[in-house]
Amino acid sequence: MSERDTRTLPKAELHLHVEGTLEPEMVYALAEKNGITLPFDDIDDLRSRYSFESLQPFLDLYYACTDVLVTRDDFRVLAGAYLEKAHADGVRHVEMFFDPQAHTARDVAIDDVLDGLLDAFAEAKATHGTTGGLILCFLRHLPAAEAAATLESVAHRASDLLAVGMDSSEVGFPAAPFAPVYARARELGLHCVGHAGEEGDPSYVWAALDELKVERVDHGVRSLEDDALVARLVEQRIPLTVCPLSNLRLQVVDDLREHPLRRMLDLGLVATVNSDDPAYFGGYVDANFDAVRTALDLDDDALRTLARNSITGSFADDDRKAELLAEVDAW
Ligand code: HPA
Ligand SMILES: [Zn+2]
């Protein structure tokens, strides 16, 4: 096993929900500032709820906490705190998910969400040289018509986004109705990614590829159950944004020593390591690198491959990719 400090390994984070970086202290501070009554007794009661049997109970808590985000500055502060932690973890490029429908449903203006998040990126670029951008996620448990309306509401600001994505409950919520929304996103010049194969079987990953035409699969760990799917992902070099501690906490895997990440690398898949919802799942990106390094006995070459995959799998421009890949080679 490698002994190097993985925080010094230059990397990109490609699977990070900004709402999932809401730490309990910030939940309480923002609730007080914004006069919001939380459905918990106190901060310790909230902390006691961070144990999840599956995706849905986590999502219920995640959306309840999201209600404290109201103003442009709330979004700036939230994303800014994450970008500082990411910088300390060696993250040089971030492609950040946000869930606009979780905010506009509470009458928060989508421009305030976007502007606050972009303020934080501008600060991180100026302070640390961090690059990256925003991925607008559609909530797949809601009707596709609502996703379409959300996209149209920001169509005039498409240049402020990198991509669209899809998250929230997976099993029982088919991708096909969202195909026209994804087609429209491509028309607007946006990249396309989507969560699939987290809890859903390989048919969900096929649908993300064939119906939504995603360029990257978020999670995708269940793809390994289907050899033909693995062959397609390898052949087309479709990156998979894997989130080990998330998989452990949501009981997608019982034990990190059984996590498929090493098998994914051995099969030639473009797998990356990410934190998903770090405030809820026990750690930011370096904690994820550290956990899989120990559990799967990964050496420095495997860690470098994961970092390289995060850069080649990103939507950074070619010059930025070359710059970051050279930094990884020098590690
Ligand atoms: O891990 C996740 N899966 C699906 N939706 C999500 N929304 C936030 N985190 C997640
Ligand atoms: Zn996710």
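Visitor: At what angle do the axes of helix 15 and helix 16 cross?
Guide: A quick word first: this is a predicted model. Helix 16 covers residues 318-329, and its axis comes within 10 Å of the axis of helix 15. The two axes cross at roughly 175 degrees.

Visitor: Is helix 15 roughly parallel or roughly antiparallel to helix 16?
Guide: The crossing angle is roughly 175 degrees. Angles over 145 degrees count as roughly antiparallel, so helix 15 is, relative to helix 16, roughly antiparallel.

Visitor: Which residues of helix 16 meet helix 15?
Guide: From helix 15 come Arg304, Ala307, Arg308, Ile311 and Thr312. By class, this contact has five nonpolar, one polar and three charged residues. On the side of helix 16, the residues are Lys321, Leu324, Leu325 and Val328.

Visitor: Is helix 7 roughly parallel or roughly antiparallel to helix 8?
Guide: Helix 7 spans residues 144-153 and helix 8 spans residues 179-187. Their axes come within 9 Å and cross at roughly 15 degrees. Angles under 35 degrees count as roughly parallel, so the arrangement of helix 7 and helix 8 is roughly parallel.

Visitor: How many charged residues are in the contact of helix 7 with helix 8?
Guide: Helix 7 brings Ala144, Ala147, Ala148 and Leu151, while helix 8 brings Val181, Arg184 and Ala185. Six of the contact residues are nonpolar and no residue is polar. Arg counts as charged, and the number of charged residues here is one.

Visitor: Which are the edge strands of the open sheet?
Guide: The sheet has eight strands in the order 1-2-3-4-5-6-7-8, with parallel pairing. From one strand to the next, the twist averages 25 degrees. An edge strand pairs on one side only, and that describes strand 1 (11-17) and strand 8 (270-273).

Visitor: What is the bridge partner of Ala196 in strand 6?
Guide: Strand 5 holds residues 191-196 and strand 6 holds residues 216-219. These strands pair in the parallel sense over four bridges. In strand 6, Ala196 has as its bridge partner His219.

Visitor: At about what angle does helix 15 run to strand 8?
Guide: Helix 15 (residues 300-312) lies across strand 1, strand 7 (239-242) and strand 8. Its direction to strand 8 is at about 100 degrees.

Key
Residues are numbered from 1 along each chain as its sequence is written. Chains are lettered from A and ligands numbered from 1 in the order in which they are written. This is a predicted model: local features need pLDDT of at least 70, side-chain atom pairs count only at pLDDT 80 or more; totals for chains, interfaces and linings use all residues. Axes are lines fitted to C-alpha atoms, for helices over the stretch in contact, and angles run from 0 to 180 degrees between N-to-C directions. Helices (H or I, at least four residues) and strands (E, at least two) are DSSP runs, numbered from the N terminus. Angles under 35 degrees count as roughly parallel, over 145 as roughly antiparallel, 65 to 115 as roughly perpendicular and the rest as oblique. Two residues are in contact if their C-beta atoms, placed from the backbone, lie within 7 Å. Two strands pair if DSSP finds at least two bridges between them.
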